[in-house]
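Biologist: Could you take a close look at one part of this model for me, and then say how the rest is put together? I'm happy to have the cut-offs spelled out as you go.

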Amino acid sequence: MHITLLLNVDMTSTVNPGSMSIGEIARRFGLAPHVLRHWESVGLLSPSRAVAGRRRYGPDHLYQIAVILRAKEAGFALDEIRQMFVAQGPTQRTATLRRHRAELAKRIAQAQASLELIDCALACDHEDITRCPHFQAMVAERIGLDAPV
């Protein structure tokens with residue numbers, strides 16, 4: 001007796017043609033699936049469930065995940081992101097955004113000062129950078145001194 005078994009190697013979900021599995025959506029964003037599971041556990045995502053309880057993500061989830069990633073890039077904590085998602089109107093959301101904007105502006109200023117310090121060091125002709133008056137002035141400014149030490 002000879003038996004032939006044909007395999008369908010292009011297996012796609014018949015649940016919802018517009019939905020994606022956790023693996024598909026994770027790959028799309030370069031994330032590990034456990035990250036999406038964690039975001040679900042903290043209330044940031046609510047994927048639908050297919051047969052056997054498998055998570056399914058639709059087009060709206062693509063947008064949500066992109067918003068989460070952008071917010072994380074801006075330095076928001078997951079709790080702050082969730083607060084904005086569940087805000088009961090613009091007043092609550094605005095308060096969170098203003099608070100974070102002030103923190104972000106401070107970090108940007110610090111990063112800009114660091115970049116200037118690195119540019120100063122790269123342009124310096126001194127054998128020992130710590131002897132450069134310009135470099136010393138930049139460091140003194142950081143520690144709140146008026147003149148080089």
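A close look at one helix

Modeller: Phe135, Met138 and Ala140 are the buried residues of helix α6, which covers residues 133-142. Bear in mind that this is a predicted model: local features need pLDDT of at least 70 and side-chain atom pairs count only at pLDDT 80 or more, while totals for chains, interfaces and linings use all residues. Residues are numbered from 1 along each chain as its sequence is written, and side-chain values use heavy atoms, with hydrogens and water left out.

"Buried" means under 20% relative accessible area, "exposed" means over 50%, and "partly exposed" lies in between (1.4 Å probe, protein chains only). Helices (H or I, at least four residues) and strands (E, at least two) are DSSP runs, numbered from the N terminus.

The buried residues of α6 pack against α5 (90-123); contact here means heavy atoms within 4.5 Å. Val139 is also in α6, but it counts as partly exposed because its relative accessibility is 34%. From Val139 to Ser114 it's 25 residues in sequence and 10.0 Å in space, C-alpha to C-alpha. Just past α6, Gly144 has a positive phi of about 85 degrees.

Now for the wider picture. The protein has six helices and two strands, and along the sequence they run α-α-β-β-α-α-α-α. Of its 149 residues, 24% are buried. If you take contacts between residues at least 6 apart in sequence, 42% of them join residues at least 24 apart.

On to the cores, meaning sets of buried Ala, Val, Leu, Ile, Met, Phe, Trp, Tyr and Cys residues joined through side-chain atoms within 4.5 Å. The largest nonpolar core has 18 residues, and Ile25, Leu36, Trp39, Leu45 and Ile65 touch the most other members. At least two residues of this core come from each of α1, α2 (33-41), α3 and α4 (78-85), with α3 giving the largest share at five residues. There's also a second, separate core of five residues; Phe135, which you've already met, is one of them, and Cys120, Cys124 and Cys132 are included too.

Back to Ile65: setting aside neighbours within four places in sequence, its contacts are Ile25, Phe29, Leu31, Leu36, Trp39 and Leu45.

As for geometry, α1 (residues 22-29) and α3 (residues 59-73) pack at about 45 degrees with axes 11 Å apart, which makes α1 oblique to α3. Axes are lines fitted to C-alpha atoms, for helices over the stretch in contact, and angles run from 0 to 180 degrees between N-to-C directions. Under 35 degrees is roughly parallel, over 145 roughly antiparallel, 65 to 115 roughly perpendicular, and the rest oblique.

Then there's α3 with α4: their axes come within 10 Å and cross at roughly 130 degrees, so α3 and α4 are oblique to each other. In this pair, Gln64, Val67, Ile68, Ala71 and Lys72 of α3 meet Leu78, Ile81 and Phe85 of α4.
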